[in-house]
Amino acid sequence: MSDSPSAPTASARSAGTPKPPPAGIDPRGPRFGAGVTAVLLAVTLLLGTGPAAAALLTVVALLFVLGVTRGVQGTLQGLAFRAWVRPRLAPPAELEDPRPPRFAQMVGLLVVGAGLLAAGLGVPAAVPIAAAVALVAAFLNAAFGLCLGCELYLLQRRWTPQH
Amino acid sequence: MAVHQEQHLSAVAGTLTSLVPAAGSGLVVRAALIVVLLAAASGAWWATAGRAARFRPLRHHPLPGLQRAPGARLTSEDLSQKLGARGTFVQFSSATCATCPQVRRVLKALTATEPGVVQVDIQSEDRMDLVRRFSVYRTPTVLLLDPHGAVHSRTSGPLTPARALAALAQLSPETTRSIDV
């Protein structure tokens, strides 16, 4: 099964309407990607509050932008997974819907983006705080397969007014 | 057990932090904080996942407004589907739910082997009324209904066939001779 990005490009906003489900992806891909993200975020935390930390967090934010616009399989980590990791693994037992991890990428982008914004407005501590929050989510995803961002989806739906 | 582990880990982290003045570097503090953060996250995950995976009887459910409320019952009109003569698994799924297909497969397989058991899959986005009425905060959440539609127990997160069978056994102990889990 190929996981070519056949997801409709407009689905980021309309994730609530279950149209035809896009082609499944190897669930280990997002986990690998989260592991890479977690390492980058840990290094960001080690760097403290300086411009180097902000620069690295910006890199993470750009990776999230790729994940939101192209899906997790379109991020650099996703491409690395397909090129170097998956050939060494057994075929996946089951495929996964690409929409949940993609939604989680958006949550990650919001967290990291808010941190960078606050840092730009003169709160340097926002960089390590945002990095720490995102690190917890990325770490839980990589280590246990728990998609924390996905869990927020229903909460967000509950808060939005009933149609 | 998780608490002990966490205490142990934070003790280790404490030792690390006390070494810091000697090391004279903020790097060690930050590394120690990262270790503490990830250990705490792991502990929290371990405790929450273990608790969520069990089918909990509704009367012990901590969320307010659920216990014995008249709404703690689902009719076949609510579901536009007939209830199972023995029990009904109602699964709340959503578009961004990675675990839902696995749970759906487990429950579907169960309905094939257990007579009188029905599985209903609810797309949460379409039934926000039920999501609010039953205080569903994450997907997948599975409610187990008795033959009259009263919610007997609920669970969330990944589901094993053994756990689902055990919940069925709790629901109707007299018909569980075939189950050995």
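1. A word on the model. This is a predicted model, in which local features need pLDDT of at least 70 and side-chain atom pairs count only at pLDDT 80 or more, while totals for chains, interfaces and linings use all residues. Residues are numbered from 1 along each chain as its sequence is written, with chains lettered from A and ligands numbered from 1 in the order in which they are written.

2. The sheet of chain B. Here five strands make an open sheet, ordered β1-β5-β4-β2-β3, with mixed pairing. Strands are DSSP runs of E with at least two residues, helices are runs of H or I with at least four, and both are numbered from the N terminus. Two strands pair if DSSP finds at least two bridges between them. The edges are β1 (56-57) and β3 (117-123), each of which pairs on one side only. β1(B) is joined to β5 (residues 151-156) by two bridges in the antiparallel sense, and there Arg56(B) stands opposite Arg154(B).

3. The strand β4(B). I would look here next. β4(B) runs antiparallel to β2(B), with five bridges joining them; Gln91(B) has Val142(B) as its bridge partner. Five bridges also join β4(B) to β5(B), again antiparallel. Five of the five residues of β4(B) are buried (20 or more other C-beta atoms within 10 Å of the residue's own, with C-beta atoms placed from the backbone; 12 or fewer is exposed, and in between is partly exposed). Both faces are covered: Thr141(B), Leu143(B) and Leu145(B) lie on one side, Val142(B) and Leu144(B) on the other. In a regular strand the side chains alternate between the two faces of the sheet.

4. β4(B) and β5(B) form a hairpin with five residues between them, and Gly149(B) in the turn has a positive phi of about 90 degrees. Helix α7 (residues 161-171) of chain B lies across β2 (87-93), β3, β4 (141-145) and β5, running at about 165 degrees to β5(B). Such angles run from 0 to 180 degrees between N-to-C directions, with axes fitted to C-alpha atoms, for helices over the stretch in contact.

5. Backbone spots to check. Most residues other than glycine have a negative phi, and most peptide bonds are trans. The bond joining Thr139(B) and Pro140(B) is cis, with omega about -5 degrees; Pro140(B) sits in the loop between α6 and β4 of chain B. That loop also holds Ser135(B), whose phi is positive, near 50 degrees. Ser135(B) is partly exposed, with 15 other C-beta atoms within 10 Å. Ser80(B) has a positive phi of about 40 degrees and is found in the loop between α4 (76-79) and β2 of chain B. Ser80(B) is exposed, with 8 other C-beta atoms within 10 Å.

6. The helix α3(B). Its 28 residues should span 40 Å at 1.5 Å a residue, and the end C-alpha atoms are 40 Å apart, which agrees (the expected span is 1.5 Å times one less than the number of residues). The buried residues of α3(B) are Ala32(B), Ile34(B) and Ala41(B).

7. Where the chains meet. The contact takes 24 residues from chain B and 27 residues from chain A, a contact being two residues whose C-beta atoms, placed from the backbone, lie within 7 Å. On the chain B side, α3 (26-53) and α6 (128-133) are the elements that give two or more residues, and α3(B) gives the most, with nine. The residues of that side divide into 14 nonpolar, six polar and four charged (Ala, Val, Leu, Ile, Met, Phe, Trp, Tyr, Cys and Pro count as nonpolar; Asp, Glu, Lys and Arg as charged; the others, Gly among them, as polar).

8. Chain A has six helices and zero strands, and 43% of its 163 residues count as buried. Leaving aside neighbours within four places in sequence, Leu41(A) is in contact with Val60(A), Ala131(A), Ala134(A), Leu135(A) and Ala138(A).
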